Amino acid sequence: MTTTEWDAESLTRRFDEVRSHTESLAGPLSPEDQTVQSMPDVSPTKWHRAHVTWFFETFVLAEHEAGFTPFQDTYWFLFNSYYEAVGPRFSRADRGVITRPGAHDVGVYRGNVDARMRDLMASVDSGTIEKLTPTIELGFHHEQQHQELLLMDIKHVLSMNPMRPAYAGSPSATSTPDALGWVEVTGGLVEIGHPGAGFSFDNELPQHQTWLNPYRLADRLTTNGEWLEFMADGGYARPELWLSDGWARVKAEGWEAPFYWEQVDGVWFEHTLNGTWPVNPGLPASHVSHYEADAYATWAGKRLPTEAEWEHAVTSDGQEVQGNLADSRTFHPQPAPAANGRLRQVYGDCWEWTSSAYLPYPGFHPAEGAIGEYNGKFMSNQMVLRGGCALTPPGHARATYRNFFPPGSRWALSGVRLADGGVPTSTAGAV
């Protein structure tokens, strides 16, 4: 977890920016909205607000504040997520029963910890600031992760409400997909992973070499219109397209379409943070699991890229970190920009499934202490996603970022970019 250079003033300014943004995201929500847990994978909004506060209290104030006393003893139990070294924690699946503290009281907790953090950063010498910076900067990026999760989670909460309330924003104008293009990528011995200058999570390290055969990537994400063709060709009813575990999930859970789609009087609708609207053919298909992404790629006669292929293609294409990220405030994937012979929609719109299992890089070592539980302990039964999505905060996306979810996860804002070996193959469906 490398860091950039900070002094007390710039560190405090960034702290205030990150913390205030979380509150702005929660602003449109009522206290009742912030309390609901609609499924085990979803955490209530107020829990996210409290947990990221707990992080700073636990990993910064507890170790460096003179005469430290927790704001409230029980909060350490309620708002610990998975840090076994810190102590026991409340069941994740039951966070919705934590009616107290309420949303207002969580705000009081945030205000108390914020003030103490500012006092700490203003009162210590430059040597101590240098010592504190890696953990505080990790706290910034940890909170940004939860800003994205806050929006993903409230999307599911609001989808369960029969009134289907909108969170914010307006739907995109109806559009149609343009032709899918391909970008050829030269393989060879390439470097993958974070180079070490600036912030990264530990799972992005160390940078290392890997061999890639020549390949190509689709120049944009798979669209709703293309996904409708997959569905019309029996995509969810043909076991030969699916991995075994995926097919078992299709049958057990009755999958017929992406997660937030429902059919009403023969018309497919999609729930979004902007409300529930007819499926827009030109927008990227989203909220699909790795199983669905792999089945679609098989149907199309293609495959999913490996994470090394994705990173090398993006890096060699000279892509800047820009796109439909959360600062655009669309809160939903948008149509691809006009084709230009390069990769489109690299950052923003949808996290892109890869075919890579979430495993440690060669030479990976987790950090010492409880902070070391941040990523390494999850390197099993997960698949890697790359890029970012329409809910990803600016400053939180980069070419080496490794997101990860179980292969059956559908509530995350995830989509599909196809790959193949650079040679046209026969297809089982239109692409």
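Reader: Where does P101 lie?
Author: P101 is in the loop between α3 (75-78) and α4. Helices here are DSSP runs of H or I with at least four residues, strands are E runs of at least two, and both are numbered from the N terminus. This is a predicted model: local features need pLDDT of at least 70, side-chain atom pairs count only at pLDDT 80 or more, and totals for chains, interfaces and linings use all residues. Residues are numbered from 1 along each chain as its sequence is written, and side-chain values use heavy atoms, with hydrogens and water left out.

Reader: What joins R100 and P101?
Author: A cis peptide bond, with omega about 5°.

Reader: And L205 and P206, what joins them?
Author: Also a cis peptide bond, with omega about -10°. P206 sits in the loop between β2 (188-192) and β3 (208-212).

Reader: Which backbone oxygen does its side chain reach?
Author: The R110 side chain reaches the backbone oxygen of R49 at 2.9 Å. A polar contact is a pair of N or O atoms within 3.5 Å; within protein, one must be able to donate a hydrogen and the other to accept it, and residues adjacent in sequence count only if both atoms are side-chain atoms.

Reader: What else is R110 in contact with?
Author: Leaving aside neighbours within four places in sequence, the contacts of R110 include E23, R49 and E143. Contact means heavy atoms within 4.5 Å.

Reader: New topic. What is the phi of D265?
Author: Positive, about 50°, although D265 is not a glycine. D265 lies in the loop between β5 (261-264) and β6 (267-272). At 78% relative accessibility, D265 counts as exposed.

Reader: And D349, buried or exposed?
Author: D349 counts as buried, at 4% relative accessibility. Its phi is positive too, about 65°, and D349 is not a glycine. The loop holding D349 runs between β9 (347-348) and β10 (351-357).

Reader: In which sense do β10 and β11 pair?
Author: Antiparallel, over three bridges. Two strands pair if DSSP finds at least two bridges between them. M383 in β11 is the bridge partner of A357.

Reader: How do β11 and β12 pair?
Author: β11 and strand β12 (residues 403-405) pair in the antiparallel sense, over three bridges. N403 in β12 is the bridge partner of L385.

Reader: Which way do the β11 residues point?
Author: M383 and L385 point one way, V384 and R386 the other, and all are buried. In a regular strand the side chains alternate between the two faces of the sheet.

Terms used
Buried means under 20% relative accessible area, exposed over 50%, partly exposed in between (1.4 Å probe, protein chains only).
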